[in-house]
Structure formats: structure tokens, C-alpha cells
Amino acid sequence: MLVAFPIAGAFWVAASDAAYWWTLDPFFARSALWGAGAAFLMGCAAALSGFGEMMLVPGARRRAAAWTHGVIAMTLLAVLALNWAHRIEDFEAAVLPWGLALSGLQLLLVGFAGWHGGKLVFEHRFGVASPEEDGDEKAGGGDLAHTP
């Protein structure tokens, strides 16, 4: 559940940058500053959780998608930190052109990380409960989620 917050933060920053570019209203530049900070901090929490899962879940380290997802997610975290640090001095001057470019890069990285995270869930079944694991057929997940 933690990954939703940095993803939303990346979109928040991009939308705020676009709104500032369109209107030149300082509110949107300040909003992008706060969004970048929130996205980075929540991304750190998600990274700690993801690292724990990578180390503790059996078989996670053997999957190429897990390593690819991890590397892209850490790159995204670095870009979030850079974007936030870039805005701290003068949040209005930071938007054009580099803030907007960093926001676009963030969205690309979110897409790539999401693709590989989706591969882990949908192809490799990471984080999905199955009846064999818990013995309860009504628990949901696995192939039973699609049966009426």
C-alpha cells in the first residue's frame, strides 16, 4: 500500500508544474515543492518495505523482474530527491525548464517501475494469497478470485 503515495506524489508534482507553466501562479510552484518532498519521503518508506520484502520473501531475489523493479524504483527515488532539492532554494524559478523535465522523467520511471512491479504480481504471483498457502478457499487471491 505504500507505493501508492510516491506514485501519486510524482503525478502531483507533474500536474503542479504543468499548471504553473500554464498559469504562472506561484501556488502551483509551491504545491510542486511540497509534492516533491512528500513523494520522496513516502518513497523512502516504500523503499524500506520493498527492500525487506526482497530480502525476506523466498525466491524474490531469483526473479529478474524483482531486481529490475528495484533498480528502477531506486532511480525514481533519486530523481524525486533531486527534484525536491532543486526546488528548495527558489520554488518558482525551479519549475521551468528543469523542474518540468524532472517531473516528466519521474512519470516515465513510475511507468517502468509499475510495469515490472505488475510482472511480479501478475506473472510471478508475489503478494497474492493462494488457497494452498493459507488453507482457506474464501481468502481470495490466486485463481479462485476469478471463479464465481
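**View 1. I72 is one of the residues of helix α3****.** Welcome to this predicted model; we start with a single side chain and its surroundings. I72 has a relative accessible area of 15%, and because the cut-off for buried is under 20%, I72 counts as buried. Setting aside neighbours within four places in sequence, the contacts of I72 are L109, F112, A113 and H116. Look also for G111: along the chain I72 and G111 are 39 residues apart, yet 9.8 Å separates their C-alpha atoms.

**View 2. Helices α3 and α4 pack against each other with their axes 9 Å apart****.** Two packed helices are described by the angle between their axes and the distance between the axes. Here the angle is about 160°. Angles over 145 degrees count as roughly antiparallel, so α3 is roughly antiparallel to α4. The crossing of the pair is left-handed.

**View 3. Q106 is a buried residue** **of helix α4****.** The relative accessibility of Q106 is 0%. Beyond its neighbours within four places in sequence, Q106 is in contact with A10, V13, L76, V79, L80 and N83.

**View 4. The largest nonpolar core brings together 12 residues****.** In soluble globular proteins, nonpolar side chains tend to be buried together. Among the members of this core are A10, F40, I72, L102 and V110. Helices α2 (26-56), α3 (64-88) and α4 (95-123) each give two or more residues to the core. Which helix gives the largest share? Helix α3 does, with five residues.

**View 5. A39 is another member of the largest core****.** When neighbours within four places in sequence are left aside, A39 is in contact with P6, G9, A10 and L80. Another core, of six residues, lies apart from the largest one and includes A60, A65, A66 and L120.

View 6. Over the chain, pLDDT averages 84, and 84% of the residues score at least 70. What happens to pLDDT over residues 136-148? There pLDDT stays under 50, and the model has 13 contacts beyond four places in sequence for this stretch. Where pLDDT is low, the predicted coordinates should not be read in detail.

Methods:
Residues are numbered from 1 along each chain as its sequence is written. This is a predicted model: local features need pLDDT of at least 70, side-chain atom pairs count only at pLDDT 80 or more; totals for chains, interfaces and linings use all residues. Side-chain values use heavy atoms; hydrogens and water are left out. A nonpolar core is a set of buried Ala, Val, Leu, Ile, Met, Phe, Trp, Tyr and Cys residues joined through side-chain atoms within 4.5 Å. Buried means under 20% relative accessible area, exposed over 50%, partly exposed in between (1.4 Å probe, protein chains only). Helices (H or I, at least four residues) and strands (E, at least two) are DSSP runs, numbered from the N terminus. Contact means heavy atoms within 4.5 Å. pLDDT is the predictor's confidence in each residue, from 0 to 100. Axes are lines fitted to C-alpha atoms, for helices over the stretch in contact, and angles run from 0 to 180 degrees between N-to-C directions. Angles under 35 degrees count as roughly parallel, over 145 as roughly antiparallel, 65 to 115 as roughly perpendicular and the rest as oblique. A crossing is left-handed if the near helix is turned anticlockwise from the far one by less than a right angle, and right-handed if clockwise.
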